[in-house]
Amino acid sequence: MMRRRLTIFTYQVVSSSTLFTTVSRPLNPRAIRFNGLSLKRMFSFTPLHPHRREPDPNDPATLIKEDGVSICSQMWTENFREPDKTITNLTSYLRRFELWVLAYQKVAADDMGAYMPKSNIQRSALEDLLALRNAVLDDRFKWGARLDFFIKSPKDKMDYSSLSKRKIKAILTTTQPAPFQDKIVHEVLFMILEPIYEARFSQKSFAFRPGRNAHTALRVIRRNFAGYLWYIKGDLSTILDGMKVGLVVGALMRDVRDRKVVDLIKSALVTPVITTKFEEPKKKIKRKYQKKKVLAEDEPKPDPYWLDTFFGFAPEEAEKVPSWGHCGILSPLLGNICLDELDRWMEGKIKELYRPSKSDVIWNSPEGESEQGNTSWPEFVPTSGPDKTRKIDYLRYGGHILIGVRGPRADAATLRKQLIEFVDQKYQLKLDNESLPIEHITKGVMFLDHVLCRRVVYPTLRYTATGGKIISEKGVGTLLSVTASLKQCIKQFRKLQFLKGDRDPDPQPCFRMFHATQAHTNAQMNKLLSTMVEWYRYADNRKKIVNFCSYIIRGSLAKLYAAKYKLRSRAKVYKIGARNLSRPLKERKGQSPEYHNLLRMGLAESIDGLQFTRMSLVPETDYTPFPSNWRPDHEKALLEYIKLGDRKTLDEQQNCVKEEGLVSPQDYVSMLVWNYKRNAIPMDQLSLVKKNVDNLEKDRVLLGSKDRISDDENGKDSEELMAAQI
């Protein structure tokens, strides 16, 4: 009966018009109070069960549950924790919408020239990105689309539905850059595959990998290749031009068995790329002057002149970057995956051909891993012979390999023959002896525009003979010298039209900077020189090569200024502008104050002089010791993080702390908290120790005073007894 009354009451309250109807006259405060009370009663007596809306799977906002960077960190940690595990389920990562948003941010930053935060991504762009993800998962995505896109670049405002037939034909038949949606798929696949293979790649490869570059390869050569007599240089860069799809897919499936990802990469390799050119009829336009190109607001700026010039100094080993089909940025990673089998084969040969000798100074360990000496220190023994250790080492940078052999030339010839057979069998690439030359260290070996040669040194040896006599003698030793190639530097300058001639190079004017101001031109060349100083950082002749570069650039600018300001000769330019060209070469007419006064008042643009005009200003060569088992910083952090997460490591640390009598930070904090609770005042460990020491001293003082009192009393009693006896 009570339930029926409650139901009728709530029905009357809900159906009453005083609560939910709009009233045109002013409301009475009492009525408002009554309505509020009625609502309170209604919601308090009526059991409400609202139906919760289920999250919409097509809503991009509900799919972003975690940060994309944290997901990438998790993948790196998992793969470095178990590097030998075969990966079978990558589709789950391919479904994570957070990775697609992160890839969109990366590609948009490259396309627009500015980073786009997640909050600035429009709702329509997220919906298009979700449609692209679903198309990839449902096998509806096609590489190299020209007119039909799931998502377009934020700066692409073209309406493809209203294009003329001529423009459509030009788009379909000419070479076009990779579509925006293809780049996003490239980024997602790269973020998934890179941590898998970086945990598996050999430590002997240094190109197209994070944390490794040409400087790392040069430092490894200086550290590990000293003492080698014969060198084998190999150019396998034809593999980077393209491989059969079956070989690439086979190398990929060695560690990844996910069908969705493998099929996606296979389709990128198989889909043909249109590379024809469409020639339009040229119309003759007569112009009195050439207009400057004005960049749009969202158009990325081109590379500055100094950076474009420095790219011209790229060594031969770093010039070729693989580009396979529609793989884009995946091509270098796929190239390393294919060539990793060669790295593993060479690592096996290093262990197989290692023959230690006890009479050797450097390598006499039976394992071959632990070295008894420093290989970069002068070696006072012959580098080969029947009683010396035989050993080889290997390094790969992209498609170029370098093998050092310590022993007779016959060992190098045998290894070259086996290498030719392996490459022919594995990569179906025909090599001959000319493509794998064997060079002696005394003739110099060129690698990464640096010459590896042997330098003879005569250090003073001091040792203690029998009887404690100190003897000092002159010794003869050899060092591995890594020297920048001056010939190669002249060749690059000639290609960039900075000089002409070979034996006696003559600087040429840099006319590309003709219309720039003197301050801007000097600033550009200073940036180029700073980059050159960094590039030759580990060369033994760093001062000489950088001073030569500074001479060529300074002479080129002097000729440019002589032609621009009609000064006729470089000598006159140096006389007015000083040795480093820091003074203004031409002042404006009608200016009575001097340049320094204008500069002090802020009315003139400051001109920075050219750097490194003297050899003493060039920094010294960097000879920082390089560890034998070097790893990049991010790999060190990953391995340390994984090690700290292991329970065995924690137990070992706790046992070590107990054995040493130390206090861990956790125990120290708990001690502070406990003392605070017990004494109601904060006390640290030092104060506790001091307090205990003070208490001990007080106890000792009290005990000492008591002993003295008792001794005095005993002395008095004995004196009284003696007097009574007398």
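**Close-up 1. The second largest cavity of the predicted model and its volume.** The second largest cavity has a volume of about 30 Å³, and the structure holds two cavities of 30 Å³ or more. A cavity is a set of points, on a 1 Å grid over the protein atoms alone, where a 1.4 Å probe fits but cannot get out, and its volume is the space filled by probe spheres set on the points, which are joined across faces, edges and corners. This is a predicted model, in which local features need pLDDT of at least 70 and side-chain atom pairs count only at pLDDT 80 or more, whereas totals for chains, interfaces and linings use all residues. Residues are numbered from 1 along each chain as its sequence is written, and side-chain values use heavy atoms, with hydrogens and water left out.

**Close-up 2. The lining of the second largest cavity.** Phe313, Asp449, Ser485, Gln488, Cys489, Gln492, Trp535 and Tyr536 line this cavity, each having an atom within 4 Å of a point. Helix H19 (residues 486-495) supplies the largest share of the lining, three residues. By class, the lining divides into four nonpolar, three polar and one charged residues.

**Close-up 3. The crossing of helices H20 and H21.** The axes of H20 (residues 518-535) and H21 (residues 542-564), lines fitted to C-alpha atoms over the stretch in contact, come within 10 Å and cross at roughly 160°. The two helices are therefore roughly antiparallel (an angle over 145 degrees). Residues that meet, with heavy atoms within 4.5 Å, include Met525 and Leu528 in H20 and Ile553 and Leu557 in H21.

Technical notes. Axes are lines fitted to C-alpha atoms, for helices over the stretch in contact, and angles run from 0 to 180 degrees between N-to-C directions. Helices (H or I, at least four residues) and strands (E, at least two) are DSSP runs, numbered from the N terminus. Angles under 35 degrees count as roughly parallel, over 145 as roughly antiparallel, 65 to 115 as roughly perpendicular and the rest as oblique. On a 1 Å grid over the protein atoms alone, a cavity is a set of points where a 1.4 Å probe fits but cannot get out, and a pocket is an open set with protein on both sides within 12 Å along at least five of seven lines; lining residues have an atom within 4 Å of a point. Ala, Val, Leu, Ile, Met, Phe, Trp, Tyr, Cys and Pro count as nonpolar, Asp, Glu, Lys and Arg as charged, and the others, Gly among them, as polar.
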